[in-house]
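Hello,

Here is the structure I promised to pass on to you. Please have a look at it first, and then read my notes below.

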Amino acid sequence: QALWYARDRDSAGSDFDRTSRQRIVINTIFAQLKSSNPFTLMRVVYEIAPLITTDMSKGSVISLGVGLVSYLGYEREELSIPGSDNFSNTWAGDAQVLTIDDMDYEKERLYQFVFEE
């Protein structure tokens, strides 16, 4: 149900609404993980790790999983790019796509979010 909710394109709304639902699902998962005990977290890591495709070693992925307990303690913040006033809808062939109007502005927003706020 969560996967359907996050991916649904048939309901009324925009791609921004869909990505908002995706953030809701991710935030809900994090909230549940935060209240889990370490044994449950390790079980989750061992269930998820085989589903991950990466160039990292299995040991590195497991090491990150072990650090999950401390990572969950960090405050999470979100930034949407592009900002709500800095994009246009254009056509690329038969597909409507979103284009960023001022890329330098978005680069600066991202830089400030990561390094200055």
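What follows is a short tour of what turned up.

This is a predicted model, in which local features need pLDDT of at least 70 and side-chain atom pairs count only at pLDDT 80 or more, while totals for chains, interfaces and linings use all residues. Residues are numbered from 1 along each chain as its sequence is written, and side-chain values use heavy atoms, with hydrogens and water left out.

Let's start with the aromatic rings. A search of the whole structure finds two aromatic pairs. F16 and F87 form a tilted one, 5.1 Å centre to centre with 50 degrees between the planes. (Rings of Phe, Tyr and Trp, the last by its six-membered ring, pair if their centres lie within 6.5 Å; planes under 30 degrees apart are stacked, over 60 edge-to-face, and the rest tilted.) This pair links distant parts of the chain, with F16 in helix α2 and F87 in strand β1, 71 residues apart. Helices (H or I, at least four residues) and strands (E, at least two) are DSSP runs, numbered from the N terminus.

Y111 and F115 form a tilted pair too, at 5.0 Å and 40 degrees. Both lie in helix α6, four residues apart, about one turn of the helix.

Two arginines sit over rings: R21 over the face of Y5, at 5.9 Å from the ring centre, and R76 over the face of F30, at 4.5 Å. The cut-off is NZ of Lys or CZ of Arg within 6 Å of the ring centre and within 35 degrees of the ring normal.

Enjoy exploring!
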